[in-house]
Amino acid sequence: MSGLFTHLLAAAETVGADGNAISQMLHRFGVDWPFFIAQVINFLIVGSLLYFFAVKPLSAKLQERRDKIEDGLRYTDEMKQKLDDAQKRRDEILKEATIQAQDVVRQAGEQGKAVLSQQSQQAAEQAEDILKKAREQADQQYEAMLKQVRQEAADLVVQTTAQLLKRDLASDERGRIADEAAKSISRK
Amino acid sequence: MVATPAIKATARRLLALSLDEQGAVSAERALEVIKVLEANPPKRGLRVLLKTYATYLESHLTKTQARIEHAGNLDAAALQELLTSLEQRYNRKLEPVVTENPALIAGVRARVGDDVFDNSFASTLQTLRQSLQ
């Protein structure tokens, strides 16, 4: 490389000395203008083909991939934000549900106490009613029994007295009593 | 058929024809009434008329009878005294119907119409029974 540079410096110094020297130098380097122009055109064609059929689609593809990656990252951020919001919402709902559950448990306890108290009172009233009815029934049975005993005793006394009177009253006594009874009715 | 007011009035007239001068039911007069009815029956309601007449006769007999029940021998004087007192009370002559009733145990029971005069041991014992109950 350094050799080539030395040759070029030497050629430049030579140009100043002689104008015809450039064409000689180029000739000396082997430059063939038609071939050179053909090479340039060839290069441009190949470059254009490369640009339109390789570089440009590849660039578009890269841009598309980059956009997709950016969309994915943005979507990930949004999802993360939504996840955070959902977590917060879940915590709030859990907290609210816990409070409501505690309220429900407290109310259930209070209602249970009230129902228990009411049922206890009703049971006491029913027991009192049963006792009262039992007492009344016992009193009624006692009265009925007492009445029956009195009736039987009265029947027994009357029957016994009647039998004794029928047996012991003499005929003349019956007549005397009948006379007295007739007179008694007459005097009334 | 139900006794109409006209049938009742006819039955009352027949009853009046069946009484004697003292106002007591006369069996002869009652028989005559029935014979006349048999000979001249009404066009309608003979059966009802006879039933009504019998009811009035029974009611009148009950009012003019003194049904006297007694247990033991009842002296004739005591019976007459009782009958006289009842006639004075009702201000009419009463026909005595005397029967013995051992269920009275001792004493007398007299009945005129719906009125009952009971002076017997049976009634006394019944009163005793009620007071004991």
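Predicted model: local features only at pLDDT ≥ 70, side-chain atom pairs only at ≥ 80, totals over all residues.
Local features are reported at pLDDT of at least 70 and side-chain atom pairs only at pLDDT 80 or more, whereas totals for chains, interfaces and linings use all residues; side-chain values use heavy atoms, without hydrogens or water. Residues are numbered from 1 along each chain as its sequence is written, and chains are lettered from A in the order in which they are written.

**View 1. Chain A is built from 4 helices and 0 strands.** Helices (H or I, at least four residues) and strands (E, at least two) are DSSP runs numbered from the N terminus, and along the sequence chain A reads α-α-α-α. Of its 188 residues, 9% count as buried, where buried means under 20% relative accessible area with a 1.4 Å probe, protein chains only.

**View 2. Helix 3 of chain A (residues 33–168) has a kink of about 40 degrees centred on Tyr51(A).** The bend at a residue is the angle between axes fitted to the seven residues ending there and the seven starting there. The 136 residues of this helix should span 202 Å at 1.5 Å a residue, and the end C-alpha atoms are 191 Å apart, which agrees; the expected span is 1.5 Å times one less than the number of residues.

**View 3. Ala154(A), Val158(A) and Ala162(A) are buried in helix 3 of chain A.** The cover over the buried residues of this helix includes helix 5 (121–132) of chain B. An α-helix has 3.6 residues a turn, so residues three or four places apart point the same way.

**View 4. Chain B holds an open sheet of 4 strands in the order 2-1-3-4, with mixed pairing.** Strands pair if DSSP finds at least two bridges between them; the edge strands, strand 2 (95–100) and strand 4 (115–120), each pair on one side only. Strand 3 (residues 107–112) runs antiparallel to strand 4 and is joined to it by 6 bridges, with Val112(B) partnered by Asp115(B) and Ala110(B) standing opposite Phe117(B). In their hairpin, which has 2 residues between the strands, Gly113(B) takes a positive phi near 60 degrees.

**View 5. Strand 3 of chain B is largely enclosed by the rest of the structure, because 5 of its 6 residues are buried.** Strand 1 of chain B pairs with strand 3 in the antiparallel sense over 5 bridges, and His70(B) has Val108(B) as its bridge partner. Helix 4 (residues 171–187) of chain A lies across strand 1, strand 3 and strand 4 of chain B.

Terms used:
Buried < 20%, exposed > 50% of the residue type's maximum accessible area, 1.4 Å probe, protein only. Contact = heavy atoms within 4.5 Å. Axes fitted to C-alpha atoms, helices over the stretch in contact; angles between N-to-C directions.
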